[in-house]
Amino acid sequence: MAKAMTSDARKRDTREKIELGGLIVKAGLRYEKRALLLGLLIDTGRRIKGDETERSRLTAIGAEAFGNEGE
């Protein structure tokens, strides 16, 4: 039973990582260096802490990109 739980957890983790990688592709950053991508994420994570205006602005950009998937 524990082995099945571990397998399910690993599958969920793998699926989540694949989806997150898809976001990098959707953002047009597929060919950027990994260090740059990590730097962008770390910097943005720091900038949005406690800044609801920036968080809302970036959320709107992302929501618009998801809304344009059919184009």
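Q: Taking contact to mean heavy atoms within 4.5 Å, which residues does Glu54 touch, not counting residues up to four places away in sequence?
A: In this model, which is predicted, Glu54 touches Arg47 and Ile48 once residues up to four places away in sequence are set aside.

Q: And what joins the side chains of Glu54 and Arg47?
A: The side chains of Glu54 and Arg47 are joined by a polar contact of 3.1 Å.

Q: Where is the place of Glu54, and is Glu54 buried or exposed?
A: Glu54 sits in helix H3, which covers residues 52–67. Its relative accessible area is 13%, and because buried means under 20%, Glu54 counts as buried.

Q: Stepping back, how many helices and strands does the protein chain have?
A: The protein chain has three helices and zero strands, and read from the N terminus its elements run α-α-α.

Q: What share of the residues in the protein chain is buried?
A: Buried residues account for 4% of the 71 residues in the protein chain. The accessible surface of that chain is about 6500 Å², with 58% of it belonging to carbon and sulfur atoms.

Q: Is Leu37 buried or exposed, then?
A: Leu37, a residue of helix H2, is buried because its relative accessibility is 13%, which lies under the 20% limit.

Q: Which residues is Leu37 in contact with, leaving aside neighbours within four places in sequence?
A: With those neighbours left aside, Leu37 is in contact with Ile24, Leu29 and Glu32. As for Ile24, it is 13 residues from Leu37 in sequence, while their C-alpha atoms are 8.4 Å apart in space.

Q: New topic: what volume does the largest pocket have?
A: The largest pocket has a volume of about 850 Å³. It is lined by 20 residues, of which Ala27, Leu41, Thr44, Leu58 and Gly62 are the closest to its centre.

Q: Which elements give two or more residues to that lining?
A: Helix H1 (2–26), helix H2 (34–48) and H3 are the elements that each give two or more residues to the lining of the largest pocket.

Q: And what is the lining like by class?
A: Sorted by class, the lining of the largest pocket holds 13 nonpolar residues, together with four polar and three charged ones.

Definitions and conventions. Residues are numbered from 1 along each chain as its sequence is written. This is a predicted model: local features need pLDDT of at least 70, side-chain atom pairs count only at pLDDT 80 or more; totals for chains, interfaces and linings use all residues. Side-chain values use heavy atoms; hydrogens and water are left out. Helices (H or I, at least four residues) and strands (E, at least two) are DSSP runs, numbered from the N terminus. Buried means under 20% relative accessible area, exposed over 50%, partly exposed in between (1.4 Å probe, protein chains only). Accessible areas come from the Shrake-Rupley method with a 1.4 Å probe; for residues, only the protein chains shown count as cover. A polar contact is a pair of N or O atoms within 3.5 Å; within protein, one must be able to donate a hydrogen and the other to accept it, and residues adjacent in sequence count only if both atoms are side-chain atoms. Contact means heavy atoms within 4.5 Å. On a 1 Å grid over the protein atoms alone, a cavity is a set of points where a 1.4 Å probe fits but cannot get out, and a pocket is an open set with protein on both sides within 12 Å along at least five of seven lines; lining residues have an atom within 4 Å of a point. Grid points are joined across faces, edges and corners, and a volume is the space filled by probe spheres set on the points. Ala, Val, Leu, Ile, Met, Phe, Trp, Tyr, Cys and Pro count as nonpolar, Asp, Glu, Lys and Arg as charged, and the others, Gly among them, as polar.
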